[in-house]
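Welcome! Try each task yourself before you read its solution.

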Amino acid sequence: MLKWIANLFKSLNANQNPAEMAHALALGVMLGFMPKNNALWYLILVFFMFVRINKPTYLLTLLVVSYFAWIFDPLFSSIGYEVLTFKPMESVFAFLVDVPFVGFTKFNNTIVMGSFLLGLVCYIPFYVLGYFFVKFWRAKIAPGFIKSPLYKAVQNLPVIGKIFEAFEERF
C-alpha cells in the first residue's frame, strides 16, 4: 500500500500525461461504486488493467471509494429500480436474464444496475476534476510544498521519507 502511494506521488510529479491519471480516477470511482460480487465488476476491472492508465491511481481510488460506497446503496437501489422497471425495457431485461453468461453479471440487481449507471454518469465529471487537479498540483501545490519547512522536517522520517522521495525526482 505504501508503495502504491509513493507511486501515486511519483506520477503526480512526473511528466506523465494528466489524462491517464484522470482516466484512472474516473474508472476507480466507477468500479468503487459497484458491488464486487458480480462478473461485470471483474470484467471491467480486468479490461481496464490493460488500457494505458495510471495503475496506482486506479487501485487507490478503487479502494477508497469502495470503502465508502455502502453509504450510497439506497441511492443505487432506487436508480436501479427505476431503470429495471422502465416499461419499454422490461422485455429486454427479461430476455437478458435468460442468456447464460449475462446472468453472472447480476445486472438485474437494483444496486448493481444503479451503481453501474451512476458510475457511468459520474465518469465525465470525475475525469475533468482529476485532469484539472493534476494540472493544479503540478503548477501550484508541488513547487510550494517542496520549499516548505514541513517537507524538510518530515523528509527525514523513514516511512514517510519514501513517499517524499517521489517529490525529489521531479523538483
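A residue counts as exposed when its relative accessible area is over 50%, as buried when that area is under 20%, and as partly exposed in between. Please keep in mind that this is a predicted model.

**Exercise 1. Sort the partners of a salt bridge: is Lys87 buried or exposed, and how exposed is Glu90?**

Step 1. Find the pair: Lys87 and Glu90 form a salt bridge, and their closest N and O atoms are 3.8 Å apart.
Step 2. Take Lys87: its relative accessibility is 65%, so Lys87 counts as exposed.
Step 3. Take Glu90: with a relative accessible area of 32%, Glu90 is partly exposed.

**Exercise 2. Describe the largest nonpolar core and find which elements give two or more residues to it.**

Step 1. Look at the members: the core has 16 residues, and those touching the most other members are Leu27, Leu31, Met34, Trp41, Ile44, Leu45 and Tyr58.
Step 2. Name the elements: H2, helix H3 (39-49) and H4 each give two or more residues to this core.
Step 3. Zoom in on Tyr58. Beyond its neighbours within four places in sequence, its contacts include Ala24, Gly28, Phe48 and Ile53.
Step 4. Look elsewhere: a second, separate core has six residues, among them Val29, Phe33, Leu118 and Cys122.

**Exercise 3. Find out how many residues line the largest pocket and which helix supplies the largest share of them.**

Step 1. Begin with the space, which is about 220 Å³.
Step 2. Count the lining: there are 13 residues, with Leu8, Leu25, Thr57, Thr61 and Phe133 lying nearest the centre of the pocket.
Step 3. Trace the helices: H1 (2-13), H2 (18-33), H4 (55-68) and H7 (110-146) each supply at least two lining residues. The largest share, four residues, comes from H4.
Step 4. Sort by class: the lining has 10 nonpolar residues, three polar ones and no charged ones.

Note on methods. Residues are numbered from 1 along each chain as its sequence is written. This is a predicted model: local features need pLDDT of at least 70, side-chain atom pairs count only at pLDDT 80 or more; totals for chains, interfaces and linings use all residues. Side-chain values use heavy atoms; hydrogens and water are left out. On a 1 Å grid over the protein atoms alone, a cavity is a set of points where a 1.4 Å probe fits but cannot get out, and a pocket is an open set with protein on both sides within 12 Å along at least five of seven lines; lining residues have an atom within 4 Å of a point. Grid points are joined across faces, edges and corners, and a volume is the space filled by probe spheres set on the points. Ala, Val, Leu, Ile, Met, Phe, Trp, Tyr, Cys and Pro count as nonpolar, Asp, Glu, Lys and Arg as charged, and the others, Gly among them, as polar. A nonpolar core is a set of buried Ala, Val, Leu, Ile, Met, Phe, Trp, Tyr and Cys residues joined through side-chain atoms within 4.5 Å. Buried means under 20% relative accessible area, exposed over 50%, partly exposed in between (1.4 Å probe, protein chains only). Contact means heavy atoms within 4.5 Å. A salt bridge is a side-chain nitrogen of Lys or Arg within 4 Å of a carboxyl oxygen of Asp or Glu.
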